[in-house]
Amino acid sequence: MDTPFDELAASAACPGDPDGLALLESCAAQAWRRSLRAFLERLAPAIALPAGAARALSAMAEAEPDFERWWHPSLGALAQAERQPRAGFLLACALEIAWHAHQSGVAGEWRAHWSPARALTLPDRIADIRALCVAADGRRLNLSAAGADGARLALSIESRPWGGADRSPALAAYPARTPDDRQQAAGDPDAEAGRALAAGLALIEQGAPAYGPWVRRLVRQVRPLRRSGGQVSSWSSLHYPGLVSMTLFASPLDMAETLVHEASHQHFHLLDRLFPLSERGAEEWLYSPVKRRRRPAAMLLLAYHAFGNVALFFDALRRNGRLAEADWRHHMADLNDWLPRMAAELERARSLSPAGRRFLGALQRRLRSLPTPAAALNEEIAR
């Protein structure tokens, strides 16, 4: 007999029962609320929180869990601040929390002065700041700062609150919290980038409708990455819930594939935050045919989950006439090599938790139903 957790694991493994996904969201909202309370009690006193943000966070900690407001990149600070208690990092978190309050329509003002100046990551630069003022009226956030060299910095941001009915990811640059986060500098979104994102989302909705809610529920903001020559990349992080950083493609198929891949990571991180998918502290390395080297078992499970969903997505496009058989075979060539080898490695893993094994099993059951390109080709020839 399936338990509520089995439904939850299956919903995070791949698109399925909407009731299971609602259960996943409810559990996640409650977990974030517990983290928020701990954050306010233990860490907030060390951060110069803007008054409006402090009030908003306190109200959220006491309100009924609301997933729409929780799954936002700013709130990743609650999970990460305790691990990185550096002054500059905490200041960046405070700025993000002010931004989240602003996105929620909270008005307030925050002023802070430091001597000596401290490094702070702003949306478009990292600067040594000695004075900072953040003011929000619920519609526009204005930030002004005085640099250590006396230069004045200013930034004004229009509020774009998340619309539950629309559920459309916002395309925007996002402030990195630390210098390490800026290894791949974000490009400035433009009209062409907006069209690329819209085309990818449209292909998902039309060719694989089950993946529409899968992407829109958790991908809240898309941060464009600049190309480095011909190199393209994308990433998600446990510490930035809802944020996907990716190179923007002219091809709707490439955009859609990347969105499904990164939305899979978001679902993985959400479930792993609630029920760890690997035993904490256990160190086990398994071979990854994608990276062609050994990786931690949890990272191999993360990759297997994303590539498995991409395979299911391609199959949906094929069945709905949005991907020609020849193109489908081309895109499935590597996946048909990688997925069985990754599954074999994971099946012998000792460090997966019981939750991780249920999660793995839920995805494998779906993947077993996929036809192989060779079988599909034989059927095509027979017709």
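Predicted model: local features only at pLDDT ≥ 70, side-chain atom pairs only at ≥ 80, totals over all residues.
Residues are numbered from 1 along each chain as its sequence is written, and side-chain values use heavy atoms, with hydrogens and water left out.

**Around Leu248**

- Leu248 is buried, with a relative accessible area of 16%; buried means under 20% relative accessible area, exposed means over 50%, and partly exposed is in between (1.4 Å probe, protein chains only).
- Leu248 and Pro189 are 59 residues apart in sequence, yet C-alpha to C-alpha they are 9.6 Å apart in space.

**The sheet**

- Helices (H or I, at least four residues) and strands (E, at least two) are DSSP runs, numbered from the N terminus.
- Four strands make up an open sheet in the order β5-β6-β8-β7, with mixed pairing; two strands pair if DSSP finds at least two bridges between them.
- At the edges are β5 (170–171) and β7 (234–235), each of which pairs on one side only.
- β7 and β8 (residues 243–247) run antiparallel and are joined by two bridges.
- Across from Ser245 in β8 stands Trp235.

**Helix α9**

- α9 lies across β6 (221–225), β7 and β8, and runs at about 150° to β8. Axes here are lines fitted to C-alpha atoms, for helices over the stretch in contact, and angles run from 0 to 180 degrees between N-to-C directions.
- The expected span is 1.5 Å times one less than the number of residues.
- Since 19 of the 23 residues of α9 are buried, the helix is largely enclosed by the rest of the structure.
- His267 lies in α9 and counts as buried at 0% relative accessibility.
- Leaving out residues up to four places away in sequence, His267 touches Ser11, Ala12, Leu21, Leu24, Trp214, Leu218 and His305; contact means heavy atoms within 4.5 Å.

**Ala13 in α1**

- Ala13 lies in helix α1 (residues 4–13) and is buried, with a relative accessible area of 0%.
- Ala13 and Ser264 are 251 residues apart in sequence but 7.8 Å apart in space, C-alpha to C-alpha.
- The contacts of Ala13, not counting residues up to four places away in sequence, are Trp214, His305, Asn309, Phe359, Ala362 and Leu363.

- The largest nonpolar core has 88 residues, and Tyr211, Val215, Tyr304, Phe313, Phe314 and Leu335 touch the most other members. A nonpolar core is a set of buried Ala, Val, Leu, Ile, Met, Phe, Trp, Tyr and Cys residues joined through side-chain atoms within 4.5 Å.
- Helix α10 (residues 297–319) supplies the largest share of this core, 14 residues.
- Another core lies apart from it, with nine residues, among them Ala127, Ile129, Val134 and Leu141.
- Not counting residues up to four places away in sequence, Tyr211 touches Cys14, Pro15, Ile204, Val260, Asn309, Leu312 and Phe313.
- α10 is mostly covered, with 20 of its 23 residues buried.
- The 23 residues of α10 should span 33 Å at 1.5 Å a residue, which agrees with end C-alpha atoms 33 Å apart.
- Gly321 follows α10 and has a positive phi, near 75°.

**Aromatic pairs**

- The structure holds eight aromatic pairs. Rings of Phe, Tyr and Trp (its six-membered ring) pair if their centres lie within 6.5 Å; planes under 30 degrees apart count as stacked, over 60 as edge-to-face and the rest as tilted.
- Trp32 and Trp71 are an edge-to-face pair, 6.3 Å centre to centre with 70° between the planes.
- Trp32 lies in helix α2 (residues 18–42) and Trp71 in the loop between α4 (67–70) and α5 (76–80), so the pair ties together parts that are 39 residues apart in sequence.
- Phe67 and Trp71 form a stacked pair, 6.1 Å centre to centre with 15° between the planes.
- Phe67 counts as buried at 7% relative accessibility, and Trp71 does too at 3%.
- One aromatic cluster is formed by Tyr211, Trp214, Phe313 and Phe314.
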